[in-house]
Every structure is written in C-alpha cells, then in structure tokens.
Amino acid sequence: MSEAKALTVDELFAIDSLLQPEEREIQQTVRKFAAEHIRPHIADWFENATFPVKELAPEFGKLGLFGMHLEGYGCAGTSATAYGIACMEIEAADSGARSMISVQGSLAMTAIYKYGSEEQKQQWLPRMAAGEVLGCFGLTEPDFGSNPGGMRTRARRDGSDWVLNGSKMWITNGTVADVAIVWAQTDDKIRGFIVPTDSPGFQAHEMHKKLSLRASITAELSFDDIRLPEDAMLPDARGLAGPLGCLSEARFGIIFGSMGAARDCLQAAIEYAQTREVFDKPLAAYQLTQAKIADMAVELGKGQLLALHLGRLKDQDKLRPEQVSVGKLNNTREAIEIARTCRTILGANGITLEYPVLRHANNLESVLTYEGTAEVHQLVIGQALTGSSAFR
Ligand SMILES: Cc1cc2nc3c(=O)[nH]c(=O)nc-3n(C[C@H](O)[C@H](O)[C@H](O)COP(=O)(O)OP(=O)(O)OC[C@H]3O[C@@H](n4cnc5c(N)ncnc54)[C@H](O)[C@@H]3O)c2cc1C
C-alpha cells in the first residue's frame with residue numbers, strides 16, 4: 001500500500017473551499033461539541049433507547065442550533081447553509097440528535113415563526129431558541145402518514161374557545177415536549193394549534209421496540225376534549241401548505257444531515273480497512289475494497305455538493321420545494337446505501353455498537369421515511385417534470 005497521506009472525502013472534493021469563514025467556524029464548533037458531548041455516550045444511549053433531551057437542549061440552545069437561521073426572537077440568524085452544516089456535524093454523531101434539533105427548530109419553532117401572531121412569537125420563540133422550552137410537531141396519525149390531508153384529529157369551535165380531539169403517532173419528543181404544534185381539521189381547513197402539553201386531556205406515551213433512531217424519543221399523542229383559547233391557533237396557516245412549509249425546512253436540514261451520517265460511516269470503514277488484515281495484507285489494499293470506497297466517496301461528495309448548492313439557493317430565497325425533494329431523495333437514499341456498504345467492509349464487527357455503521361444505517365431507515373418517504377419525493381419530482389400528479 002502507498003505511504004502517501006490519505007485524503008479525507010472533504011479534501012477530495014475541496015468542500016472547504018466552498019464554505020464561508022462563519023460556516024467553517026460553525027462546522028468546527030459543532031463538530032467539537034458532538035465529539036465531546038454526544039459521541040462518547042451515543043452507543044449506550046442507542047442501546048438503552050434513551051436520549052438526554054432535557055440535559056442537552058440548553059447546550060444546543062447555547063450553540064444557537066435551535067431555529068439557527070431564523071431572524072430575531074433569540075435565534076442565531078445565520079445563513080441557511082450554516083444551519084445545514086451544523087445538521088451535518090450533529091448527524092455525523094447520530095441522526096437521533098439531529099432529529100431532536102430539526103423538530104425543535106425546523107418544525108415547532110418554524111410553525112410559530114412562519115404562521116404565528118407577534119404575541120405567539122414573543123411568548124414561545126426566545127425560550128425555545130434557548131432550549132428552555134421544548135416543542136414537538138404533531139402531523140402524522142396512525143392511518144395518515146404520507147397523506148396527512150386525511151387526518152381525523154379535529155378542532156371545533158365552542159364559543160370563542162377551541163375543543164381538540166384526536167391522536168397523533170410517531171411524534172418525536174412527544175413525551176418531553178412542553179408544547180405541541182398540533183395540526184387538526186376545522187370547519188375552515190386544516191389549522192395549526194399551539195397546545196401546552198400540561199393541558200387537561202393531553203396524553204403522551206412513548207413508543208418502544210424501535211430498531212431505528214433509538215437515541216430519540218418517539219411518542220403517541222392523544223387529545224381528549226382539550227379546551228384551548230382562541231389565540232392558540234396559528235393565524236397564518238390554512239390548509240396543508242402550513243405543515244408542508246415546516247416540513248420543507250426540516251427536509252432541508254436532512255439533506256445535509258444524512259451526508260454527515262454517511263461521512264461518519266465512510267471514515268470508520270476506511271480506518272477499519274487500513275488496519276484490518278485479511279489474507280496477510282490490509283483490507284484497504286484490495287481492489288474490491290477500494291472500488292467500494294471510491295464509489296461511496298463519489299456519492300458522498302456529490303451529495304455534499306448538492307446540499308451546498310441547495311443551501312446557496314435557499315440563502316438567495318430561490319429554493320423550490322421540488323429541489324428540496326431532489327436533495328432529500330438523493331441524499332437519504334445514498335446515505336443509507338453508503339452505511340450498508342460500509343457495514344460490509346467491517347464484517348462481523350460492523351454489526352456491533354463498537355462501530356457506528358449499523359447504528360447509522362438503522363437510523364437512516366427512519367430518515368428515509370420521515371419528512372416524506374423516498375417514494376413521495378419521487379412523486380413530487382415526477383409531478384414537477386411531467387405536470388401529472390401520480391399521488392392518487
Ligand atoms: C422515528 C420517526 C420519527 C417521526 N417523527 C415524526 C414527528 O415528529 N411528527 C410527525 O408528524 N411525524 C413523524 N414521523 C412520521 C413520518 O413522517 C411518517 O412515518 C411518514 O410520513 C410516512 O408515513 P407512514 O409511516 O404512515 O407510511 P405510509 O404513508 O403508510 O407509507 C407506506 C409506504 O407507502 C408508500 N406510499 C405512500 N403513498 C404512496 C403513493 N401515493 N404512491 C406510492 N407509494 C406510496 C410510502 O412511500 C411507503 O413506502 C416520524 C416517523 C419516524 C419513523
């Protein structure tokens with residue numbers, strides 16, 4: 001094997017040359033935080049199906065990770081690309097940690113930021129940005145995932161109050177949240193409601209036996225005649241465009257984040273292959289191994305470049321939802337493929353929590369599914385290119 005110093009994938013694609021100084025600084029800061037506060041514990045958290053949300057939330061808040069590219073209300077106000085890069089660094093440690101940040105910032109806070117009244121924004125956003133108040137986002141129901149428009153959760157008027165009934169499923173942070181953004185049918189289309197989780201009639205139960213995103217809390221929510229004041233409703237969201245506007249934000253973070261998970265797998269696989277000897281020489285010195293590594297590096301680099309391109313479009317306010325679908329579809333699909341291929345390089349060791357590869361691969365099963373499944377994004381792109389909707 002050559003003695004030449006090995007390049008990282010970032011170096012191979014000169015990714016660094018495309019980052020602004022502030023983005024590089026955020027990358028280094030978040031990478032260091034993840035190395036010190038997440039990586040040493042993540043295998044145990046994953047094994048024990050737990051995540052210290054309450055402990056880490058204020059730390060994430062101090063780093064400015066919640067609603068990072070939103071303006072005002074205690075948010076960091078960085079570029080969207082910088083937020084994406086932060087997602088990449090957190091998800092390189094674990095997709096569960098990135099999910100927690102996405103739900104807080106891109107879903108719950110974004111719903112209030114985009115569609116809330118000034119009073120609602122002042123009341124909730126600064127404390128959510130600081131990680132003092134945790135939010136969750138209730139859209140999916142047991143019978144309605146890809147087709148949320150069919151939801152059965154309903155809010156009806158009673159005098160000036162609202163009365164909320166129904167249930168939600170697969171809700172990240174559902175049992176630890178202080179406030180839930182709940183989407184419900186009303187006589188005037190689907191509307192979003194800010195629901196404090198200590199409201200009488202609100203229940204959250206943690207979902208167990210997950211084989212993916214184990215270091216992330218997932219819950220079922222139920223609403224039994226929850227009485228809410230008139231101003232619990234988000235005034236500027238009407239119809240499915242409301243939740244979809246938030247999902248687009250979270251998908252954006254995933255485009256970057258999934259590449260972080262893939263990068264971590266590839267790094268682990270290359271290091272392993274360099275030291276593992278098979279048939280009397282390092283695994284890395286075999287052509288079959290190098291073909292896998294080269295192909296994965298090419299896909300990882302392409303995915304990172306796509307993420308940066310979409311980040312730059314977003315920073316110019318030019319990013320279209322179909323383009324978000326291109327990024328979400330490609331980068332989650334390639335990330336899981338990379339994670340699985342890396343697992344083969346690690347052989348039996350690859351199936352353990354001593355190495356990150358199968359943990360990432362398992363996590364990416366959820367990442368491929370939530371925020372619009374791969375098939376849903378194919379349909380979005382298909383519709384954009386042909387003009388024909390094939391959803392039904
Ligand atoms: C760990 C985890 C955390 C989550 N967190 C949240 C959260 O915080 N908040 C929230 O609201 N939701 C959350 N979700 C739910 C997630 O968004 C849904 O699982 C997702 O939208 C898919 O819905 P579904 O699981 O009901 O699958 P389904 O919609 O039943 O889809 C099943 C299959 O059918 C395919 N399919 C669907 N429609 C079509 C079509 N028209 N044509 C062809 N194929 C189709 C899908 O692509 C998929 O392969 C989470 C999910 C997971 C796994």
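Analyst: Strands here are DSSP runs of E with at least two residues, helices are runs of H or I with at least four, and both are numbered from the N terminus. The model is predicted.

User: Which element gives the most residues to the shell around the ligand?
Analyst: Three elements, β3 (161-172), α11 (357-369) and α12 (374-386), each supply at least two residues of this shell. With three residues, the element that gives the most is β3.

User: How many residues surround the ligand, counting those with a heavy atom within 4 Å?
Analyst: The closest residues are T140, S146, W170, T373 and E375. By class, the shell holds eight nonpolar, seven polar and two charged residues. The number of residues surrounding the ligand is 17.

User: What share of the ligand's exposed area does the protein bury?
Analyst: Taken alone, the ligand exposes 980 Å². Of that area, the protein buries 68%.

User: Where does the ligand sit?
Analyst: The ligand is surrounded by 17 residues, T140 and W170 among the closest. Its site is the largest pocket.

User: What is the strand content of residues 136-225?
Analyst: UniProt, in an unreviewed entry, lists this span as "domain: Acyl-CoA oxidase/dehydrogenase middle". Its end C-alpha atoms are 20 Å apart, and its helix content is 0%. The strand content is 54%.

User: How far apart are the end C-alpha atoms of residues 21-132?
Analyst: The unreviewed UniProt entry gives these residues as "domain: Acyl-CoA dehydrogenase/oxidase N-terminal". The span is 76% helix and 0% strand. Its end C-alpha atoms are separated by 29 Å.

User: What is the helix content of residues 238-385?
Analyst: In the unreviewed UniProt entry, the annotation "domain: Acyl-CoA dehydrogenase/oxidase C-terminal" covers this span. Its end C-alpha atoms lie 27 Å apart, and strand makes up 3% of the span. The helix content is 77%.

Key
Residues are numbered from 1 along each chain as its sequence is written. This is a predicted model: local features need pLDDT of at least 70, side-chain atom pairs count only at pLDDT 80 or more; totals for chains, interfaces and linings use all residues. Side-chain values use heavy atoms; hydrogens and water are left out. UniProt positions are given in the numbering used here, feature names are shortened, and annotations may be inferred rather than shown by experiment. A residue is near a molecule or strand if one of its heavy atoms lies within 4 Å of it. Accessible areas come from the Shrake-Rupley method with a 1.4 Å probe; for residues, only the protein chains shown count as cover. On a 1 Å grid over the protein atoms alone, a cavity is a set of points where a 1.4 Å probe fits but cannot get out, and a pocket is an open set with protein on both sides within 12 Å along at least five of seven lines; lining residues have an atom within 4 Å of a point. A molecule sits in a cavity or pocket if more than half of its atoms lie within 2 Å of its grid points. Ala, Val, Leu, Ile, Met, Phe, Trp, Tyr, Cys and Pro count as nonpolar, Asp, Glu, Lys and Arg as charged, and the others, Gly among them, as polar.
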